[in-house]
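Hello,

Here is the structure I said I would pass on. Please have it open while you read the notes under it.

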Amino acid sequence: MRTPARRSRRTAAVLAASTALLLGLAVAPAADAASRHQHRAATLDDLARQHGRYFGAAVDNPELSDTAYADLLGKEFGATTPGNGMKWYATEPQRGVFDFTAGDEIVNYAKDKGLKVRGHTLLWHSQLPSWLTSGTWTADELRSILKNHITNVVTHYKGKVFAWDVANEIMNEDGTYRENIFYKTIGPSYIADALRWAHAADPKVKLYLNDYNVEGTGAKSDAYYTLIKQLKADHVPIDGFGMQAHLALQYGFPYQMQQNIQRFADLGVDVAITELDIRMSLPSDATKLAQQADWYGQVTSDCLAVRRCVGITLWGYSDRHSWIPSVFPGEGAALPWDENLAHKPAYDAIRNALTAVGS
Ligand code: G3I
């Protein structure tokens, strides 16, 4: 997927960054300044790759026509996730009629830029097509609809995405199952079946459960811990747990995030930070931006501290394009680049965490 030119460019940048890091520890000031210059040339993804991880950013289809934005995303990051283009309403707008236009557009963009793609998402309670939500289905009918959807979408993207968020946001805050259409009609067995159908369609793709408010320990992440442990015991194909990490300064940093990542890794699954952003009440100021930077650094360090935390994806990368202001009026400024695509303190904090000695 990565073009040879991009690979060698990245390899050179990674080597330069490594050399800069080594020199920075041991040589005279003049060489140190030169090495710092080389160091700045490495992208976030280059630095993450030194740890065997990726650094990605989601993109929504309309953003691809913002050329400056799409170009910078393609240079700085090593992975992307379609913000909407692979969701059910987009991929199966009518029953049995599949439309891969939006998802393919992102896959083609990613291929051109040398990015790998996380698939998002095969089932969710939100953004379902109206034919599905307005219908009345027996358990057998809905199981068959779900199987057909998963089989078609996973088959279409076989070899083009490296991971799938198979089931998105299936738990409530108190750790009970969310009463989505699948749970209400089929019962909790839809989760294991969805994983099995996805695996049958593409045995190599990594299969994830994905949710928000699961970055720290608590009832919701406990519920996933119990579920994944059971799925593993039942030999259901589950490869990873996605922590969305839509954080907000006013709610505090997730409790025991590193320990929480570690306990999922200890179950034998990968963990990925899948939708990271850190919002604040507007207007932003230097104090809030400094706290945000500290949190971005902390999330990065917590992921790097656990071998099986495989990568970090930002949900967009610049305040120019973000889902937050329309959903949380008065909040925003959540990403490491500002509206003009300039770095915010958060960007340097991520770099520092990625280059910290011993991380
Ligand atoms: O497609 C229609 C378009 O026809 C219409 O003109 C326009 C007018 O508002 O709306 C368009 O739909 C929007 C859709 O994104 C596609 O752009 C919806 O209004 C809008 O609500 C929807 O928002 C998406 C949101 O999921 C839906 O819940 C965001 O872009 C997307 O970033 C967000 O992503 C989710 C993840 O999938 C799961 N985790 C949480 C995350 C943030 O909410």
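**The chain**

Bear in mind that this is a predicted model. The chain has 359 residues, and 54% of them are buried. Its secondary structure comes to 15 helices and 10 strands. Take the contacts with a separation of 6 or more: 77% of them join residues 24 or more positions apart. The chain exposes about 14,700 Å². Carbon and sulfur atoms supply 53% of that area.

**The ligand**

There are 16 residues around the ligand. Which come nearest? They are N84, K87, H120, E275 and W315. For H120, the distance is 2.7 Å, to an oxygen atom of the ligand. For W315, it is 2.9 Å, again to an oxygen atom. Taken alone, the ligand exposes 790 Å², and the protein buries 48% of that.

**H120**

H120 lies in strand β3, residues 116-123. H120 counts as buried because its relative accessibility is 2%, and the cut-off is under 20%. Its side chain makes a polar contact of 2.9 Å with the side chain of D165. Further along the sequence, H120 touches E275 and W315, among others. It also touches K87. H120 and K87 are 33 residues apart in sequence, yet their C-alpha atoms are 6.5 Å apart in space.

The backbone deserves a look here too. The peptide bond from H120 to T121 is cis, with omega near 0 degrees. T121 also lies in strand β3.

**E275**

E275 sits in strand β8, residues 270-281. This residue is buried, yet it has no salt bridge. How far away is the nearest side chain of opposite charge? That side chain is R118, at 6.4 Å. E275 does have polar partners. Its side chain makes a polar contact of 2.6 Å with the side chain of H246. Another, of 3.2 Å, joins the side chains of E275 and N210. The residues that E275 touches include M243, T313 and L314.

**E92**

E92 is found in the loop between α5 (88-91) and α6 (101-113). E92 is buried and has no salt bridge. The nearest side chain of opposite charge is R95, 6.0 Å away. A polar contact of 2.8 Å joins the side chains of E92 and H149. Among the other residues that E92 touches are F98, P129 and W131.

**Other backbone details**

The peptide bond from L282 to P283 is cis, with omega near 0 degrees. P283 is in the loop between β8 and α13 (286-304).

Two residues other than glycine have a positive phi. One is N213, at about 60 degrees. N213 is in the loop between β5 (206-211) and α11 (219-233). With 41% relative accessibility, N213 counts as partly exposed. The other is H235, with phi near 60 degrees. H235 is in the loop between α11 and β6 (240-243). Is H235 buried or exposed? Its relative accessibility is 71%, so H235 counts as exposed.

Best wishes

Methods: Residues are numbered from 1 along each chain as its sequence is written. This is a predicted model: local features need pLDDT of at least 70, side-chain atom pairs count only at pLDDT 80 or more; totals for chains, interfaces and linings use all residues. Side-chain values use heavy atoms; hydrogens and water are left out. Helices (H or I, at least four residues) and strands (E, at least two) are DSSP runs, numbered from the N terminus. Buried means under 20% relative accessible area, exposed over 50%, partly exposed in between (1.4 Å probe, protein chains only). Lys and Arg count as positive and Asp and Glu as negative; His and the chain ends are not counted. A salt bridge is a side-chain nitrogen of Lys or Arg within 4 Å of a carboxyl oxygen of Asp or Glu. A polar contact is a pair of N or O atoms within 3.5 Å; within protein, one must be able to donate a hydrogen and the other to accept it, and residues adjacent in sequence count only if both atoms are side-chain atoms. Contact means heavy atoms within 4.5 Å. A residue is near a molecule or strand if one of its heavy atoms lies within 4 Å of it. Accessible areas come from the Shrake-Rupley method with a 1.4 Å probe; for residues, only the protein chains shown count as cover. Lists of a residue's contacts leave out its neighbours within four places in sequence.
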